[in-house]
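Thanks for coming. I will go through one structure, helix first, then a ring pair.

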Amino acid sequence: MKSPTAARPRPKPKTQPSAPWLLPRLDNADIYAIQAVAKGIANEGQQRRAWDYVVRILCETDRMTFWPGAEDGKRATDFAEGKRWVGVQLRRIEKLRPDMSQAGLPPSQENA
């Protein structure tokens with residue numbers, strides 16, 4: 001007969017870091033893909049993997065940015081929101097038509 005503890009499912013390993021400034025989980029394939037993009041030699045699969053890692057995992061674009069904890073929580077929330085903002089901007093650029101590239105800028109920045 002099995003013991004009662006053997007029937008319990010194991011807890012899932014934590015996939016997200018405990019603070020927004022810590023590096024998220026990084027597989028070797030992610031490292032190779034990002035390095036290949038940086039060198040300008042990435043194939044299509046590596047380009048897609050690197051893009052997904054940067055926008056979805058590194059910037060945590062789809063994650064809630066609120067971090068509890070008084071003043072430390074406020075700093076963590078601000079940091080997380082900055083990361084998410086970068087991911088949102090990358091997604092906006094991904095969908096932007098080239099002829100509309102200046103449409104979202106205030107007049108003072110159009111020719112900067």
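H1 has 12 residues and runs 16 Å from its first C-alpha to its last, close to the 16 Å expected at 1.5 Å a residue; the expected span is 1.5 Å times one less than the number of residues. Helices here are DSSP runs (H or I, at least four residues), numbered from the N terminus.

This is a predicted model, where local features need pLDDT of at least 70, side-chain atom pairs count only at pLDDT 80 or more, and totals for chains, interfaces and linings use all residues. Residues are numbered from 1 along each chain as its sequence is written, and side-chain values use heavy atoms, with hydrogens and water left out.

Which residues of H1 are buried? Asp30, Ala33 and Ala36 are, buried meaning under 20% relative accessible area, exposed over 50%, and partly exposed in between (1.4 Å probe, protein chains only). Seen down the axis of H1, the buried residues fall within an arc of 130°, so they line one face of the helix; the arc is taken from the directions from the helix axis to the C-beta atoms. The face turned away from that buried side carries the exposed residues Asn28, Tyr32, Ala38 and Lys39. Just after H1, Gly40 has a positive phi of about 75°.

Now the rings. Rings of Phe, Tyr and Trp (its six-membered ring) pair if their centres lie within 6.5 Å; planes under 30 degrees apart are stacked, over 60 edge-to-face, the rest tilted. That gives one aromatic pair. Trp21 and Phe79 sit edge-to-face, 5.9 Å centre to centre with 90° between the planes. Trp21 lies in the segment before H1 and Phe79 in helix H3, 58 residues apart.

Technical notes
Helices (H or I, at least four residues) and strands (E, at least two) are DSSP runs, numbered from the N terminus.
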